[in-house]
Amino acid sequence: MRESYQRIPAGAPVRLAKRSSNLFRPRTQVDTPGLDVSGLTGVISVDPAGRTADVQGMCTYEDLVAATLPHGLMPMVVPQLRTITLGGAVTGLGIESSSFRAGLPHESVLELDILTGAGEIVTARPDGEHADLFRTFPNSYGSLGYATRLRIELDRISPYVALRHVRLGLDELGPAIESIVADSTYEGEPVHFVDGVAFSPDEAYLTLGRNSDAAVPTSDYTGQQIFYRSIQQRSTDFLTANDYLWRWDTDWFWCSQAFGAQNPYVRRIWPRRLRRSDVYHKIIGFENRHQVAARINRRKGNPDRERVVQDVEIPASRLAGFLRWFDAEVGMRPVWLCPLRLRGATAWPLYPLKPDETYVNVGFWGTVAIAPGAADGDVNRRIEAAVADFDGHKSLYSDAYYDRDTFDQLYNVPALTEVKERYDPDARLTGLYEKAVTRR
């Protein structure tokens with residue numbers, strides 16, 4: 001990897017040479033070679049007794065989970081999509097239904113090796129010589145370097161996960177989430193996982209999962225049945241641990257509907273092994289390059305559409321207000337809800353969530369019709385302003401439209417710049433604003 005880094009000409013963009021990505025930011029095409037990370041895709045070791053694992057930075061969570069589940073273990077947080085990499089989740093943030101108690105993926109990192117902008121490999125830990133890099137790496141999106149090895153904590157998981165789908169009003173969601181966060185129970189039953197879906201302002205659910213050793217018949221949502229629809233159809237469910245962790249991947253939450261994959265006839269002939277998020281992402285990439293669907297839409301006389309693919313963190317106390325605003329002003333349905341709370345007592349510099357605050361990740365992914373003559377990004381800009389009004393934060397894996405001053409303030413770029421000057425003195429790595437907003 002160091003050798004491939006040295007082959008990149010000075011002044012040329014530094015990017016990973018990898019086949020897949022879970023970013024939704026179209027990026028400027030470049031002709032220079034990328035970093036060769038083909039040898040960094042595995043699990044080095046699992047320590048069942050110490051409940052830790054050493055993992056290479058480009059290892060996907062699909063491969064990581066396959067290595068830990070035989071030991072009855074899982075990463076503390078397993079993001080929803082199979083091909084998200086551990087290094088990507090740490091430098092770009094990740095979240096899932098264990099985040100209400102386990103925080104974000106970077107909080108379970110004990111140490112990591114990072115290829116810096118200076119072309120060196122350094123080992124960063126919470127204390128010691130490179131503690132500043134350790135603290136600033138999360139949400140840096142490659143602007144400080146790339147993780148080559150990470151040592152992470154692991155959590156216990158039973159062979160099965162029992163689910164309850166609890167319907168609640170919007171004003172009930174925040175208090176219920178706060179109560180679950182406080183003692184990891186709901187109505188006297190333990191809660192090990194929690195997320196939810198708001199189908200409309202009048203129909204929202206929390207899905208509560210608990211570890212179970214009971215061997216009872218389980219549901220299968222990799223075939224004809226679709227997981228998110230089951231939330232409305234049944235109050236309880238039972239999945240294997242593996243199927244629970246990847247319950248959202250088969251249909252990319254609900255986004256596979258856009259490709260016809262939820263049509264029963266299409267679903268029967270669509271190979272099961274190709275009903276997964278990375279396949280859908282490639283279809284989206286083809287559309288971004290060739291605009292086939294957009295041209296057909298215009299020929300039909302339909303309005304142009306704007307891509308709105310975002311995850312935002314809203315304080316639980318303000319969740320109901322934000323959901324009502326979003327439904328009235330944007331109108332995308334359904335939306336995903338995932339509670340989170342930082343594990344530690346201190347904030348992380350580049351994504352300053354408050355340690356004593358419960359947040360809810362609100363995820364919405366799709367397109368909306370826009371008025372003739374509307375500027376590109378108008379809907380996303382309104383969402384960015386509303387997130388700030390509701391004291392929230394926005395993830396940077398997708399389109400962002402902030403001006404430089406606002407971005408620098410929201411994501412603490414002065415702190416990033418101070419660390420970047422130490423580890424990337426020649427500014428070989430693209431800056432965070434340039435990556436997130438200008439799509440470099």
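This is a predicted model: local features need pLDDT of at least 70, side-chain atom pairs count only at pLDDT 80 or more; totals for chains, interfaces and linings use all residues.
Zooming out, the open sheet has 8 strands with antiparallel pairing, ordered 14-9-13-12-16-17-15-18. Strand 14 (236–240) and strand 18 (393–394) sit at the edges with a single partner strand each, so one side of each has no neighbour in the sheet. Helix 13 (residues 378–389) packs on the sheet, where it touches strand 15 (305–315), strand 17 (359–369) and strand 18, and its direction makes about 10° with that of strand 15.

## Salt bridges

The salt bridge count comes to 31. One of them joins Asp251 and Arg267, with the closest N and O atoms 2.8 Å apart. The partners are 16 residues apart: Asp251 is in the loop between helix 8 (241–245) and helix 9 (264–269), while Arg267 is in helix 9 itself. Asp251 is buried at 3% relative accessible area, and Arg267 is buried too, at 1%.

Asp237 and Arg234 also form a salt bridge, with 3.8 Å between the closest N and O atoms. Here Asp237 is buried at 6%, but Arg234 is partly exposed at 38%. Then there's Asp424 with Lys420, at 2.8 Å from N to O; both residues are buried. Salt bridges also link Asp54, Glu111, Asp113, Arg125, Arg149 and Arg151 into a network.

## A nonpolar patch

On the surface, Phe286, Val292 and Ile296 make up a nonpolar patch with about 240 Å² of accessible area together. Val292 belongs to helix 11 (residues 292–299) and is partly exposed, at 33% relative accessible area.

Definitions and conventions. Residues are numbered from 1 along each chain as its sequence is written. Side-chain values use heavy atoms; hydrogens and water are left out. Two strands pair if DSSP finds at least two bridges between them. Helices (H or I, at least four residues) and strands (E, at least two) are DSSP runs, numbered from the N terminus. Contact means heavy atoms within 4.5 Å. Axes are lines fitted to C-alpha atoms, for helices over the stretch in contact, and angles run from 0 to 180 degrees between N-to-C directions. Patches are made of residues with over 30% relative accessible area and no salt bridge: like charges are joined within 9 Å, nonpolar side chains (Val, Leu, Ile, Met, Phe, Trp, Tyr) within 5 Å. Accessible areas come from the Shrake-Rupley method with a 1.4 Å probe; for residues, only the protein chains shown count as cover. A salt bridge is a side-chain nitrogen of Lys or Arg within 4 Å of a carboxyl oxygen of Asp or Glu. Buried means under 20% relative accessible area, exposed over 50%, partly exposed in between (1.4 Å probe, protein chains only).
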